[in-house]
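Trainee: Could we go through this chain together, one question at a time?

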Amino acid sequence: MATILVYVETRGGAVQPIAFELLAAARSLAAPAGWTVEALVCAADPAAPAVEITAADCVLTMAHPALSPYLPEAHAAALQAVVDERQPDVVLFGYTTAGLDLAPATAGRTGRTLAAYCRTLALDGGALTASAQVYGGKLIAGIEAPLPAVACVMPGAFAEDAGRIAGSPERIVLPAPATLGALKTRVLEELFPEAGGVDLTQASRILCVGRGIGEAAKIAGAAEVAELLGAELAGSRPVIDAGWMPKARQVGKSGTKVRPKLYVAVGVSGAPEHLEGMAKSDLIVAINSDARAPIFGAAHFGAAIDLFDLLPALADRLRAG
Ligand SMILES: Cc1cc2nc3c(=O)[nH]c(=O)nc-3n(C[C@H](O)[C@H](O)[C@H](O)COP(=O)(O)OP(=O)(O)OC[C@H]3O[C@@H](n4cnc5c(N)ncnc54)[C@H](O)[C@@H]3O)c2cc1C
């Protein structure tokens, strides 16, 4: 029977949310076609994370010391062995740091076509079709990838809940390939960012400043509005890279993933790597002078206006209560 294989990302023994989104994507593809969904958990000890996976028909586990902490070479070798052995028709990865390593590696090593940046997926005869978000979210491209194929799926494209439904999947323990005993790379040390006194994951309100603010000195106006709102101040990557705020305040793919009740994006364009960190916020308000900025696609409310016109007026209004 035709199958879809989902690569399950884990960190510290826990399944990452993207895995549930991929399971939701796999189920939506598999159900109409009558296909089977398999989930693959590779770790030094995959037992605990594997139990979290219930929305697949089958959960495959592979245990080997080289698989934790995450080492790209080890996971690429494990995937190659599993894909060569089980010959899935579609393999799904998240557009995450690990997915960026593993999707192209798996496609290249197993001779499969690759569809990247996918927001939607469908099966059309002998091909996987997808809409893909390219050029920083400015264009949506239609992709047709002949089967067997590998797809790299954007975080937030599929609802996590549908990948968490209860079930009783078959559980299969796979042998680790011999290649895991002859790796050329190894993890020397894991470095975690210093919290720097702020934990954005716990903030219920965040005001995020993007490159549109122009220069460090002008952040003060945004900081004042943040304070009046009772919000933590955050920055997009260019703001952090410029040294205008500490790294602990970066939201996005290579920063912190946040889910506050209120997220105000000020002068942020809404690139996929930024959306990855905040698109699940309960209420998103965007302020951007470019009405076509991709952030408006993710925002619940938006103002296409110069932020330097709006922020002082907003501060006055908030001060007045
Ligand atoms: C592997 C990788 C990881 C990444 N990780 C992250 C990450 O963690 N976080 C992150 O943010 N990015 C990340 N990026 C970068 C990302 O691709 C974008 O480059 C970045 O998000 C853009 O930041 P920005 O929106 O602040 O700047 P820009 O894209 O330059 O947008 C600035 C916006 O401000 C608006 N603007 C300008 N002036 C005004 C004004 N006066 N009033 C109102 N609006 C104005 C403009 O219209 C524009 O939309 C990553 C990229 C890669 C490749």
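This is a predicted model: local features need pLDDT of at least 70, side-chain atom pairs count only at pLDDT 80 or more; totals for chains, interfaces and linings use all residues.

Trainee: In what order do the nine strands of the open sheet stand?
Mentor: Strands in a sheet pair through backbone hydrogen bonds, parallel or antiparallel. In this sheet the pairing is mixed, and the order is E9-E8-E7-E10-E6-E1-E4-E5-E11.

Trainee: Which strands stand at the edges of that sheet?
Mentor: A strand at an edge has a single partner strand, so one side of it is left without a neighbour in the sheet. From one strand to the next, the twist averages 35°. The two edge strands are E9 (139-146) and E11 (170-174).

Trainee: What is the bridge partner of Leu60 in E11?
Mentor: Strand E5 covers residues 58-63 and runs parallel to E11, with five bridges joining the two. In E11, Leu60 has as its bridge partner Ile172.

Trainee: At about what angle does helix H3 run to E4?
Mentor: Helix H3 (residues 72-86) packs on the sheet. The strands it touches are E1 (3-8), E4 (36-43), E5, E6 (90-94) and E11. Between the direction of H3 and that of E4 the angle is about 150°.

Trainee: And at about what angle does helix H4 run to E6?
Mentor: Helix H4 is formed by residues 97-110. It lies across E1, E6, strand E7 (113-124) and strand E10 (149-153). Its angle to E6 is about 160°.

Trainee: Is the pairing of E7 with E8 parallel or antiparallel?
Mentor: Take the other partner, E10, to begin with: four bridges join it to E7, and these two run parallel, with Ala115 facing its bridge partner Ala151. Between E7 and E8 (residues 127-134) there are six bridges, and the partner of Ala122 in E8 is Thr129. The pairing of E7 with E8 is antiparallel.

Trainee: Which residue in the hairpin of E7 and E8 takes a positive phi?
Mentor: Two residues lie between the strands of this hairpin. The phi value in question is near 60°, and the residue is Gly125.

Trainee: Which residue other than glycine has a positive phi, near 50°?
Mentor: Look in the loop between H3 and E6. The residue there with phi near 50° is Gln87.

Trainee: Where is Pro148 found?
Mentor: The peptide bond from Leu147 to Pro148 is cis, with omega near 0°. Another cis bond leads from Ser68 to Pro69, with omega near -5°, and Pro69 is in the loop between E5 and H3. Pro148 is found in the loop between E9 and E10.

Trainee: Which strands stand at the edges of the sheet of five strands?
Mentor: This open sheet has parallel pairing and the order E13-E12-E14-E15-E16. Each edge strand has a single partner strand, so one side of each has no neighbour in the sheet. The twist averages 20° from one strand to the next. The edge strands are E13 (232-235) and E16 (301-303).

Trainee: Which residue in E13 stands opposite Cys208?
Mentor: Four bridges join strand E12 (residues 205-209) to E13, and the two run parallel. The residue opposite Cys208 is Ala234.

Trainee: What angle does helix H5 make with E12?
Mentor: Helix H5 (residues 219-229) packs on the sheet and touches E12, E13 and strand E14 (262-266). Its direction makes an angle with that of E12 of about 170°.

Trainee: How much area do domain 1 and domain 2 bury between them?
Mentor: The size of an interface is often given as the accessible area lost when the parts come together. Carbon and sulfur atoms account for 53% of the buried area, which is about 770 Å².

Trainee: How far apart in sequence are the parts tied together by Lys280 and Glu21?
Mentor: These two residues form a salt bridge, with their closest N and O atoms 2.2 Å apart. Lys280 lies in the loop between helix H7 (272-278) and strand E15 (283-287), and Glu21 in helix H1 (residues 17-33), so the pair ties together parts whose separation in sequence is 259 residues.

Conventions. Residues are numbered from 1 along each chain as its sequence is written. Side-chain values use heavy atoms; hydrogens and water are left out. Two strands pair if DSSP finds at least two bridges between them. Axes are lines fitted to C-alpha atoms, for helices over the stretch in contact, and angles run from 0 to 180 degrees between N-to-C directions. Contact means heavy atoms within 4.5 Å. Buried area is the accessible area (1.4 Å probe) that two parts lose on being put together, summed over both. A salt bridge is a side-chain nitrogen of Lys or Arg within 4 Å of a carboxyl oxygen of Asp or Glu.
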